[in-house]
Amino acid sequence: MPAQLRVIRRRIRSVQSTKKITNAQELIAASRLVRAQQRVEQSRPYTNQLTTALSEIATTEGGLEHPLLERRAEVNAAAVVVLTSDRGFAGPHNANILRTAEELLARLRGDGIEPRMYVAGRKGVSYYRFRRRELTDSWTGVSDAPRYDDAREIADTVLNAFLEREVDEIFMIYADFVSAMVQRPRAVRVIPLVVEEGEERPPQPLPMYVFEPDVESVLSALLPRYVAARIFTAMLESAASEWSARRRAMSAATDNAEQLTEALTREYNQARQAAITQEIMEIVGGAEALQSGS
């Protein structure tokens, strides 16, 4: 019985240590989430306005030609940018993104389009390398606190592949941060430029744009920034989603550890009471034996 009590005590101490770790991780994630959410809210207006302006220019300016606006008659390959996290303990965050990526890859292959994988985040890189999937390029160490330079490097890589006609479309998969409780994986097409489905705006007069020196020069400067801005905002959305998912996962783990500690404590008390009862019975039995012997 003492051996059983020692085992239970060790389990209680182990669970309590785990609870301290998960509770600390929850507090860290909660504090990081606030900052990540602020960065998302700050980046959205610029990216949305830039997307709207370029989409309207592309659809209203007649005879407009630019390599990044080209809709190729035959689509043979597509770049697929997958944004995952570098660390785990984030619940279903990465699994949802990778499942959405697999659905997009299956659809592209079904249409006869070869996907070229560009993956950011150690979890995504490990996922595809474990399955022996070829990665055209990959980046790690960019998910916790994304920088614009990281997004620009990814954008330059996929844009060069598009301009060199290695790919004919560019897709991006990330976790859309809706709220602290809701995050949704999304797959969007970045190039060719289109107005995304589901983004409905009230009818309003189309703005008048004046281009200096000319529309082609303006688009040549803006379109690469547009792609980098879209990727940067998606990275910020994914970062906020990751911290939110990690906070919930660590909160659930802390609650489970507390419940397990209570259950083990009850088991320990019951075993201790049983041991005490057995010792009393042995003492009583010994006393009775002595009395009967005398």
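Just after helix H3 (residues 122-130), Arg-132 takes a positive phi of about 55°. Helices here are DSSP runs of H or I with at least four residues, strands are runs of E with at least two, and both are numbered from the N terminus. The structure is a predicted model, in which local features need pLDDT of at least 70 and side-chain atom pairs count only at pLDDT 80 or more, while totals for chains, interfaces and linings use all residues. Residues are numbered from 1 along each chain as its sequence is written, and side-chain values use heavy atoms, with hydrogens and water left out.

**Backbone features in loops**

Two further residues have a positive phi although neither is a glycine: Phe-89, at about 55°, and Arg-165, at about 65°. Phe-89 lies in the loop between strand S1 and helix H2, and Arg-165 in the loop between helix H4 and strand S4 (169-177). Phe-89 counts as exposed, with a relative accessibility of 67%; Arg-165 is likewise exposed, at 51%. In these terms, exposed means over 50% relative accessible area, buried means under 20%, and partly exposed lies in between, computed with a 1.4 Å probe on protein chains only.

A further backbone feature is the cis peptide bond from Ile-191 to Pro-192, with omega near 0°. Pro-192 belongs to the loop between strand S5 (183-191) and helix H5.

**Helix H3 and its surroundings**

Which residues of H3 are buried? They are Gly-124, Val-125, Tyr-127 and Tyr-128. Viewed down the axis of H3, the buried residues fall within an arc of 160°, so they line one face of the helix. The arc is that of the directions from the helix axis to the C-beta atoms. On the face turned away from this buried side, H3 carries the exposed residues Arg-129 and Phe-130. The cover over the buried residues of H3 includes strand S1 (77-83), helix H2 (93-110), strand S2 and strand S3 (137-139).

Arg-116 is placed in strand S2 (residues 114-120). With a relative accessibility of 24%, Arg-116 counts as partly exposed. Apart from residues up to four places away in sequence, Arg-116 touches Ala-77, Ala-78, Ala-79, Val-80, Thr-136, Glu-166 and Val-167, where contact means heavy atoms within 4.5 Å. The C-alpha atoms of Arg-116 and Leu-105 are separated by 9.4 Å, and these residues are eleven apart along the chain.

**Aromatic pairs**

How many aromatic pairs are there? The count comes to two. Rings of Phe, Tyr and Trp (its six-membered ring) pair if their centres lie within 6.5 Å; planes under 30 degrees apart count as stacked, over 60 as edge-to-face and the rest as tilted. The pairs are set out below.

| Pair | Centre to centre | Angle between planes | Kind |
|---|---|---|---|
| Tyr-127 and Tyr-128 | 4.9 Å | 90° | edge-to-face |
| Tyr-148 and Phe-232 | 5.7 Å | 85° | edge-to-face |

Tyr-148 lies in helix H4 (residues 148-163) and Phe-232 in helix H5, so their pair ties together parts that are 84 residues apart in sequence. Tyr-148 is partly exposed, with a relative accessible area of 32%, whereas Phe-232 is buried, at 15%. In the other pair, Tyr-127 and Tyr-128 are both buried.

Is Arg-246 buried or exposed? Arg-246 is buried, with a relative accessible area of 1%. Leaving aside residues up to four places away in sequence, Arg-246 touches Gln-25, Ala-29, Arg-87, Gly-88, Phe-89 and Ala-90.

The model has one cavity of 30 Å³ or more, and the volume of the largest cavity is about 80 Å³. A cavity is a set of points, on a 1 Å grid over the protein atoms alone, where a 1.4 Å probe fits but cannot get out; its lining residues have an atom within 4 Å of a point. Grid points are joined across faces, edges and corners, and the volume is the space filled by probe spheres set on the points.

Among the residues that line the largest cavity are Leu-83, His-93, Ala-120, Val-142, Pro-146, Met-235 and Glu-242. Helix H5 (residues 215-293) gives the most to this lining, with four residues. The lining divides into six nonpolar, five polar and one charged residue. Here Ala, Val, Leu, Ile, Met, Phe, Trp, Tyr, Cys and Pro count as nonpolar, Asp, Glu, Lys and Arg as charged, and the others, Gly among them, as polar.

Methods: On a 1 Å grid over the protein atoms alone, a cavity is a set of points where a 1.4 Å probe fits but cannot get out, and a pocket is an open set with protein on both sides within 12 Å along at least five of seven lines; lining residues have an atom within 4 Å of a point.
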